[in-house]
Amino acid sequence: MKKIRYGIVGCGFFGSVHAKELKKIKNAELVSVYSKSGNSAKKLSSQIDCEYNLKLSDLIKRKDIDAIIVTSPNHLHKKPVILAANNKKHILCEKPFATKIDDAKEMIRSVKKNKVFLMVGHMMHFYPGMIKIKEIIESKVLGRPLVAHVERTGWENKMKKISWKKMQNKSGGHLFHHIHEIDFLSWCMGTVESVYCAGGNLAHQGKGFGTEDDILLLTLHFKNGTYATMQYGSGFRLGEHFFKINFEKGYIVLDNKKSSFIVVNEKNEIKTIPMFEGNKRNLSMKNLFKKTDGGVTFGKPGQDAELFLAKAVKDELEYFNRVLMGTSSAKSKKELFGGESALHAIKISSASLKSKKTKSRVKVNDQKLL
């Protein structure tokens, strides 16, 4: 039977997680990996038993590779995505798709021009709990959503070595590196029309800290007339990680710290639903958020991922592989393909940063001040 042959760009923690999970998938083969330094690629190839390339172009131009998985740092996605598209390779690119709007647009154009599949790794779309929430919204059993509030906050201490994830010009800061929450709100509530953002770096400046803001407060105005507020950052001693969505006939509260959510109807009847199938996966999410306080996961290359994370990556890879095999349709998760939904999330994050700087409300689509 036909199989899809892969190359991986970026061999850090998440690249190694993808490599391990890809090895478990039927009708998929990991052919080779690449990293900028070459050292992590050599190490991962030895661990996973695959080849490695020391030049990006050498990896992407290989005739024995059908698709490229991009897991490099956030600001380094553009080059491999465009090179892969130009060489007729299908692409799975990790989130955030890009840290600049123009980069994302150029990447999308190259994919369309070369008629290849592009999937963006917003893996929360594969969490069973998130899928259930989306189904509840679409069923209209609670009426339409009216307003939401999201928090991903916590506290981070000084570091001996500053990760690229904490540098604004590389990760994009919390609004990009933690773009999952913005993407999920858009998925559930619809198109964001404008945003207002206030914030800054209040407690994480100087030696031992990066350059990203540690407090970000957002107000989102949706095209359909509804609203949402968000709080992001590592400047909160009282850390939270939840989604609260109020509907006409009830509400949903998803608490990632508990790896579960509650659904409350207009009769005040409460139903508790776990985020994942199986106690071990739910416990793994609870443990991660207890360990990181809702912050960035600083995994090391080759380190095993938490069970829930590894399962989401595997589910994502399996779905992508089935689409390339022709046994599943991209339409069932159309928001993950083509890059347009990912571009909208990038525009929201970019508009938020512009709003913070100008102290004005900013339109998402054209980034103009209101």
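1. At 1% relative accessibility, Ser-259 counts as buried. Buried means under 20% relative accessible area, exposed means over 50%, and partly exposed lies in between, with a 1.4 Å probe and protein chains only. Ser-259 sits in the loop between β12 and β13. It touches Pro-274, Met-275, Phe-276, Asn-282, Met-285 and Lys-286, leaving aside residues up to four places away in sequence. Contact here means heavy atoms within 4.5 Å.

2. A word on the basis. This is a predicted model, where local features need pLDDT of at least 70 and side-chain atom pairs count only at pLDDT 80 or more, while totals for chains, interfaces and linings use all residues. Residues are numbered from 1 along each chain as its sequence is written, and side-chain values use heavy atoms, with hydrogens and water left out. Helices (H or I, at least four residues) and strands (E, at least two) are DSSP runs, numbered from the N terminus.

3. Now the nine-stranded sheet. It is open, with mixed pairing, and its order is β14-β13-β12-β11-β7-β10-β9-β8-β15. The edge strands are β14 (270-274) and β15 (362-363), and each pairs on one side only. Two strands pair if DSSP finds at least two bridges between them. Strands of a sheet pair through backbone hydrogen bonds, either parallel or antiparallel.

4. Both senses occur here. Strands β12 (residues 250-255) and β13 (residues 260-265) run antiparallel, joined by six bridges. Leu-254 has Phe-261 as its bridge partner in β13. β7 and β10 run parallel and share seven bridges.

5. Look next at the hairpin of β9 and β10. These strands pair in the antiparallel sense over six bridges. Leu-218 stands opposite Met-230 in β10. Four residues lie between the strands, and Gly-225 takes a positive phi near 95 degrees.

6. What does helix α12 (residues 340-358) meet? The axes of α9 and α12 come within 9 Å and cross at roughly 120 degrees. Axes are lines fitted to C-alpha atoms, for helices over the stretch in contact, and angles run from 0 to 180 degrees between N-to-C directions. The contact involves Ile-182, Asp-183 and Ser-186 of α9, with Ser-341, His-344, Ala-345, Ile-348 and Ser-349 of α12. These residues divide into three nonpolar, four polar and one charged. For that count, Ala, Val, Leu, Ile, Met, Phe, Trp, Tyr, Cys and Pro are nonpolar, Asp, Glu, Lys and Arg are charged, and the others, Gly among them, are polar.

7. One more residue of this helix deserves a look. Thr-358 lies in α12. Its relative accessibility is 31%, so Thr-358 counts as partly exposed.

8. Some details of its strands follow. β2 (residues 28-34) and β3 pair in the parallel sense over three bridges. Ser-32 stands opposite Glu-51 in β3. Four bridges join β4 to β5, which run parallel. Ala-67 faces His-90 of β5. Four of the five residues of β5 are buried, so β5 is largely enclosed by the rest of the structure.

9. Which residues of the largest nonpolar core touch the most other members? Of its 112 residues, they are Tyr-6, Ile-91, Phe-97, Tyr-127 and Leu-220. Such a core is a set of buried Ala, Val, Leu, Ile, Met, Phe, Trp, Tyr and Cys residues joined through side-chain atoms within 4.5 Å. Helix α11 (residues 307-325) gives the most to this core, with eleven residues.
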